[in-house]
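Me: I would like to learn how to read a model like this one. Please show me the general idea, then the case at hand.

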Amino acid sequence: MDEKHKYQQVIPEIPRTAVDIYRMLPEGTRCEVIFNELIMSPAPSREHQLLVIKLTSLLFQFLQDNPVGTLLSAPFDVYIGEQQSVVQPDLFVVLNDEKEIMQTNGVHGAPALIIAILSSNRAYDTKRKRALYEKAGVKEYFMIDPENKNTTLLTLDASGVYQQTYEQTGVLKSALLACDISF
């Protein structure tokens, strides 16, 4: 039996892309695909998780009172860029006027707003994901340092390039949601 047929007995179809490999992984595997590269990551820190819980609570309540969109959180797949990238943002909002991108198996398209709680590998969120989200057209990208709650907002300008709109500590200020949430 030649080498190709040996593997086809185990895997029904040889994966062609990193997204194909991603879909074959066991549920709960901590990884993402960015620009067709599979990237593994360790579990987040305690501070990271506590901040995600707090922001989830505050944003969920805000969206209950002001139903302009749906709040979702990791782990939930967001497919971006013709199946070349799959990410699981910490928190993100799909606005009501774009809810057709939400499907049972994930979001297929760029959410309007993404919140990243920075990990120890800060370049992953501040460079790689920034480039992906900018290219995909994510309108507001928040990056929050879990240690000091420093919040940076990047907003797409008219030419589709991110501009830093503000940097504050402990405040999530979104023009899309028309909110200022202190945390």
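Me: By about how many degrees does helix 4 bend at K129?

Reply: First, the ground rules. This is a predicted model, where local features need pLDDT of at least 70, side-chain atom pairs count only at pLDDT 80 or more, and totals for chains, interfaces and linings use all residues. Residues are numbered from 1 along each chain as its sequence is written, and side-chain values use heavy atoms, with hydrogens and water left out. Helices (H or I, at least four residues) and strands (E, at least two) are DSSP runs, numbered from the N terminus. A bend at a residue is the angle between axes fitted to the seven residues ending there and the seven starting there. At K129, helix 4 bends by about 35 degrees.

Me: Which residues of helix 4 are buried?

Reply: Buried means under 20% relative accessible area, exposed over 50%, partly exposed in between (1.4 Å probe, protein chains only). In helix 4, Y124, D125, K129, L132 and Y133 are buried. R122, also in helix 4, is partly exposed because its relative accessibility is 29%.

Me: Which residues does R122 touch, leaving out those up to four places away in sequence?

Reply: Contact means heavy atoms within 4.5 Å. R122 touches D145, P146 and E147. D145 lies 23 residues from R122 in sequence, with 9.2 Å between their C-alpha atoms.

Me: What is the volume of the largest pocket?

Reply: Work on a 1 Å grid over the protein atoms alone. A pocket is an open set of points where a 1.4 Å probe fits, with protein on both sides within 12 Å along at least five of seven lines; lining residues have an atom within 4 Å of a point. Points are joined across faces, edges and corners, and the volume is the space filled by probe spheres set on them. Here it is about 1100 Å³. Of the 48 lining residues, R30, S41, P44, A74 and Q88 are the closest to the centre.

Me: Which element gives the most to that lining?

Reply: Helix 4, with five residues.

Me: Where is there a cis peptide bond?

Reply: Look at omega. A cis bond joins A74 and P75, with omega about 0 degrees. P75 sits in the loop between strand 3 and strand 4.
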